[in-house]
Amino acid sequence: MTCQFKIWRFIVLTLLLIGKTDIACGQSLNETDSTVTSQPKRNIFTKIGDYFKDSNKEKEPGKFDISFIGGPHYSKETQFGIGLLAAGLYRPENQPEAPVSNITLYSDFATVGSYLVGIRGNHYMTDSRIRLDYKAYFYSIPSYFWGIGFQQGSDNENKTKYKKRQAQFITELKYRISDAVYIGPILEFNYFSVINPHSLTPWNNYQRTTYSYGAGAAISYDTRDNLTAPKSGMMLMVKSIGYPSIAANSYPFGITNLEACIYKGLWKGCTLAARGSLSMAHGKHIPWGLLPSVSGETLRGYYGHRFCDKNEVEILFELRQHVWRRNGIVVWTGAGEVFPSFDKLMMRRILPSFGIGYRWEFKKNINIRLDYGRGRFNESNFIFAINEAF
């Protein structure tokens, strides 16, 4: 499973408790006896329900609105563990019409020895003309690797168990030069390490521990109504990062990403979301952890980094339907492919993906999601995460 934005299985139980509590609260209000003047005692479930009942309501400008959710979880990869998530929304008091900034902190610790800590967010400043996007995390988790390229990934005999350690820091400073056009610099740091692999074969001549420092720029056209759960608008982006052979970078290389996302309302409560992307790595020596891959974050259903190569392309369509109160469902279908060069693109290497998901609005335009996806080679995956896949 993808670890970066995987939230915990305990969320499902918590949401069920909240749903039951909301109903109980409603009944108690309607069944109040006029002769009783004292308020009934609130049990633990009522208190939990009251805490979350208004957590998705938009607060007044100038107030920092933060909520927490946490508890135990279980999965076949991590077994038993405990996690905590905090999500905050804020907007300057003197800019009531400015977009809402957001921040998310997350952590997870499990009995198999895996752990994850991270932070991500989008911060608006200078009357919304500048936006700072940032993400930083570190995790250590038992994982699997098949090797580089479609052929290696499609052969399950190559599957090797190891402990993966990864750290990443990315920050993008975006300047709005017109109503919807942003341009700005990017700074990035990546660390990958292979610990105690059962076999070294999948890595071939690749260094198993790498540190990569990079800088670049991005330009985008962005008309989305919000960044975390868009319902209308589009986003077109070109991003390129270069990693020179300085400091810990053993060899120079670069990575370029092209991405297009479109969001359109179809009927009441329904949004059609479409995404297409192309990632290209340049250079002879690319760290294995930075190779473009069908990661399972957007094409859910594939194990993270099972299919990776110097290039990756994907297309995805998703229907998002609001159902009732803070609950919604999604269905999606899409496909991707990894390839060493454009003359190696082949129909027989296409990796399809389809699935279904559940959404619960934790904060305003911040959804906790549970997705189940399936792919080729009998691959399947559950994803627990915060915010939409794109």
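**Exercise 1. Find which element of the protein chain has the lowest mean pLDDT and which has the highest.**

Step 1. Start with the scale: pLDDT is the predictor's confidence in each residue, from 0 to 100. The elements are DSSP runs numbered from the N terminus, with helices (H or I) of at least four residues and strands (E) of at least two.

Step 2. Compare the elements. Helix H1 (residues 10–30) has the lowest mean pLDDT, 40, while strand E11 (residues 270–282) has the highest, 98.

Step 3. Now look at the stretch over residues 1–37, where the pLDDT is below 50. Beyond near neighbours in sequence, this stretch has 73 contacts in the model, a contact being heavy atoms within 4.5 Å.

Step 4. Finish with the chain as a whole: its mean pLDDT is 85, and 82% of its residues reach 70 or more.

A word on the ground rules: this is a predicted model, in which local features need pLDDT of at least 70 and side-chain atom pairs count only at pLDDT 80 or more, while totals for chains, interfaces and linings use all residues. Residues are numbered from 1 along each chain as its sequence is written, and side-chain values use heavy atoms, with hydrogens and water left out.

**Exercise 2. Work out which side chains meet Glu388 in salt bridges, and where the partners lie.**

Step 1. Apply the criterion: a side-chain nitrogen of Lys or Arg within 4 Å of a carboxyl oxygen of Asp or Glu. Glu388 pairs with Arg320 at 3.8 Å, N to O.

Step 2. Glu388 lies in the segment after strand E18 (380–386) and Arg320 in strand E14 (residues 311–324), so the bridge ties together parts 68 residues apart in sequence.

Step 3. Take the other partner, Arg359, at 3.0 Å, N to O. Arg359 sits in strand E16 (residues 351–363), 29 residues apart from Glu388.

Step 4. Check burial (buried: under 20% relative accessible area; exposed: over 50%; partly exposed in between; 1.4 Å probe, protein chains only). Glu388 is buried at 11%, Arg320 at 8% and Arg359 at 5%.

**Exercise 3. Are Asp133 and Arg131 buried or exposed, and which network includes them?**

Step 1. Their side chains form a salt bridge at 2.9 Å, N to O.

Step 2. Asp133 counts as buried, at 11% relative accessibility, and Arg131 is also buried, at 3%.

Step 3. Salt bridges link Arg131, Asp133, Glu172, Lys174, Asp222, Arg224 and Lys239 in a network. A search of the whole structure finds 17 salt bridges.
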